[in-house]
Amino acid sequence: VSAVPAASSSSNEVTTPKANEKIEIFRVSPAKLVVPTLAFPSISTADFQFDLDKASDIIVETAEAFLPKLGSARLVLVDLSHGSTILSLVKAKASRKNIDSGRFFTFVGDITKLHSQGGLHCNVIANAANWRLKSGGGGVNAAIFKAAGPDLEAATRARANTLLPGKSVLVPLPSTCPLHNAEGITHVIHVLGPNMNPNRPDCLNNDYTKGCKILREAYTSLFEGFLSTVQ
Ligand code: AR6
């Protein structure tokens, strides 16, 4: 699992003075120095019980297809532990395809604390949501809604009330939101992946033909949402 150093957040750039030239100091907002970066969890592979090997193929293939459209922007797959199987699979498959590891990489950390605890600058994060776009439950959804506070619930409601499997919704975070002011996150993209867990709504009963199609749609929709923030 690789951790790529974060972009510089220095707020000053100083030119080297030539003869008879005064020193000029350019003030640059730290936000402008950050490379646009989407941090995303592995959609559907924990509570929704989607097969990890199939999911890792889809993550690598959709990321590879999107990188050329994204300019210098980065895609980062995040999980909580160094023992994460999905991170290992994706890292190995991306490396086999010679995908630029500066623009698509894996990172271990809590997606709600990537800047403050991990030193990684991300301006957009994805959420593995539920169809009602409700806070709570478990996994990454509970963590993101908890860290963002009521601002995220209100901003989400202003955009959508429900989500279909394979779809996503881009939600801008107000600057009052703790995730925005403490972590530099300007948008959350809620994504609903395919569900293979019989105890959750819309279970696909192990139908991986449908499941893979929906997971591919989910990542495509996620990366398109991120692309719209970059352009
Ligand atoms: N930071 C980074 N990654 C995390 C975090 C975190 N704080 N928490 C979990 N993960 P899951 P799903 C990883 O179960 O399978 C919810 O209850 C986790 O290790 O959150 O799509 C929703 O409400 C795994 O790799 O999402 C839905 O009902 C990945 O995030 C349902 O679960 C996704 O795990 C969605 O299930």
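Q: Which element gives the largest share of the lining of the largest pocket?
A: H4, with 4 residues. Helices (H or I, at least four residues) and strands (E, at least two) are DSSP runs, numbered from the N terminus.
Q: What kind of model is it, and how are residues numbered?
A: It is a predicted model: local features need pLDDT of at least 70, side-chain atom pairs count only at pLDDT 80 or more, and totals for chains, interfaces and linings use all residues. Residues are numbered from 1 along each chain as its sequence is written, and side-chain values use heavy atoms, with hydrogens and water left out.
Q: Back to the largest pocket. How much space lies in it?
A: About 830 Å³. A pocket here is an open set of points on a 1 Å grid over the protein atoms alone, where a 1.4 Å probe fits, with protein on both sides within 12 Å along at least five of seven lines; lining residues have an atom within 4 Å of a point. The volume is the space filled by probe spheres set on the points, which are joined across faces, edges and corners.
Q: Which lining residues are closest to its centre?
A: Of 37 lining residues, Asp-47, Ala-128, Gly-138, Gly-139 and Val-140.
Q: Now the ligand. Where is it?
A: The space it takes is the largest pocket. A molecule counts as sitting in a pocket if more than half of its atoms lie within 2 Å of the pocket's grid points.
Q: Which backbone atoms lie by its oxygen atoms, and how far off?
A: A backbone N or O atom of Asp-47 lies 2.9 Å from a ligand oxygen, and one of Phe-48 lies 3.1 Å from a ligand oxygen.
Q: And by a nitrogen atom of the ligand?
A: A backbone N or O atom of Ile-111, at 2.9 Å.

Note on methods: Polar contact = N/O pair within 3.5 Å; in protein donor to acceptor, adjacent residues only side chain to side chain.
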